[in-house]
Amino acid sequence: MLPHLDAAFNYARWLTRNDADAEDVVQDACVRALRFFSSLRDDNGRAWLLSIVRNTWYSRFPKRKSEQAIELDDTADERPGTDLDPEARVIQLQAVERVRLALEQLPPDFREVVVLRELEGFSYKEIATIVDIPIGTVMSRLARARERLIPILRSSGQPIGEARELS
Amino acid sequence: MNCHEIERQLDAYIDGELAQAESEALQSHIAGCAACSQRLAERQSLGRLVRQAPYYPAPDRLRLAVQAARKPSRLTPTVLAWAASILLAVSVGGVMIAGARRARTAAESSASIANDIVGGHVRALMGDHLFDVRSTDQHTVKPWFLGKLDFSPPVKDTASVGFPLIGGRLDYIAGRPVAALVYQRRQHTINVFVWPETQPAPAAAESLRGFQVRHWTRDQMAFWAVSDLNAAELDEFATALQQ
C-alpha cells in the first residue's frame, strides 16, 4: 500500500483541492484498506487503493459533489523545467498554473478522470473500476472533460495546438 | 470512417485504447482531413499541457502515520500451520517484549536529549554565545571544527532555499562535545546539533516548551534541529538539509 501512497495522495488532493482534507481522506482510506487487506483480489493494488480513497471521500462529504468556488491562493508545484532559461521558466510556470486552475474549475467527475488518465496513466478499464462507471462512460467523460478544458485554458491566455505552445 | 465517427473515437485513439484495425482506419482518415488532423493536434497539445499539472506526493507526516497504522501480516490459518504458529507466536512474543523494552529506554533517552537540545538552543540565545565561528561560508565553518572534535560534522549551506548558514560553535549535549551549526530564517535562529551515532533512528518531530525539534540520523551522524520557527518551515529546512 505504501508504494501507492503518492498516487493516493495526488488523487485525493485533486478531489479535495486542499492538503488537510486530502491527508485525512488518505489516512482513513489506508486504515480501511488495511482492514480489508485479505479481500485484495487482484494485483492492481494502486487502482484498488484509489477506489477506496474515492469512496472514503464521498462517504465523508456527500455534499461535496456539488462544487464550491475555486481557491486562487494556492501555490503551484513547479515540477518541470529547472534547466530552462529564466524567461522560458516563467512562461512554463504560468502554463502549469493555468493548467492547475483550469483543472480545478472542472466539475469533479470530469476532473478525476483527467487526473487518473493523464497524471496516473490508468487505462480506461482501471478508471472504470476506480470510479465505478462503465468503460464507455470513461471514454465519453474524458472526451467531454477535454472539450471543456480547451476553452478554459484558451481564455486564460494559454495557447493550444499552436507554435507558441510549450511542450 | 467519417469526421463524426473520428470525433467520437479520437480520445480513445490518443489514449491508446483503440484496437489496431480501428487505429489504422482512423489514421488514414486523418492523414487526408485537415479538420480532423487539426483536432488531433489540439488534443495532443492539451495532453502535453495537462501532464504538466502539479503532482502532489504524499507528505512525510502522512507516510509515517500510515506506517504506524500498519499491522503485521496475518498468518495463514490452516490447521497444519497452527502448531507452528503457536511456536512462532511464543518466540516472537519474547522478542517483542525485549524489543519493547529496548524501544522504551531508547524513547526515554531520546526525550531527555530533546530536552538538552532545547536547553542548548535557549542558552546560546540568552547568553548570546551563538558563535565560535561566524561565517556564511561552509568551507570556513567545517574546517573550524577540525582539532576541536573527534569527528568532522557535515556542513551544508541551505541559503539557496532560504535558510542561510550563519556560523557554528562547540556545545555539550548528553555529556559529550557536539557541533552546533547555526542557520537563520528571517528573525528566527535554527540550531542544528550534530554528533556521531551508530544506531540509526527513525526521523522524529516534536514540539517542546514552544520550540520545534526535528531529529534524524544520516551517514552515522545524529542531527537535531531546534528553533522557534513554525513546524512547516522547520520541516522544510530539515528536508533541505537531508538532501
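**Helix packing in chain A**

Guide: Gladly! In this predicted model, the crossing of α3(A) over α6(A) is right-handed. Their axes come within 8 Å and cross at roughly 35°.

Visitor: How many nonpolar residues does the contact of α3(A) with α6(A) have?
Guide: From α3(A) come A47(A), L50(A), S51(A) and R54(A), while α6(A) brings E126(A), T129(A), I130(A) and V131(A). Sorted by class, two of these residues are polar and two are charged. The nonpolar count is four.

Visitor: Moving to the sheet of chain B, which strands stand at the edges, and why is one side of each left without a neighbour?
Guide: The sheet is open and has seven strands with antiparallel pairing, in the order β1-β2-β3-β4-β7-β6-β5 (chain B). Each edge strand has a single partner, so one of its sides has no neighbour in the sheet. Those edge strands are β1 (133–134) and β5 (204–208) of chain B.

Visitor: Which helix of chain B gives the most to the side that touches chain A?
Guide: The contact takes 37 residues from chain A and 30 residues from chain B. On the chain B side, α1 (3–14), α3 (34–50) and α4 (60–69) each supply at least two residues. That side divides into 16 nonpolar, four polar and 10 charged residues. With nine residues, the helix that gives the most is α3(B).

Note on methods. Residues numbered from 1 in each chain as written. Chains lettered and ligands numbered in written order. Predicted model: local features only at pLDDT ≥ 70, side-chain atom pairs only at ≥ 80, totals over all residues. Pairing = 2+ DSSP bridges. Helix = DSSP H or I, 4+ residues; strand = E, 2+ residues; numbered from the N terminus. Contact = placed C-beta atoms within 7 Å. Nonpolar A, V, L, I, M, F, W, Y, C, P; charged D, E, K, R; others polar. Axes fitted to C-alpha atoms, helices over the stretch in contact; angles between N-to-C directions. Left-handed = near helix turned anticlockwise from the far one by under 90°.
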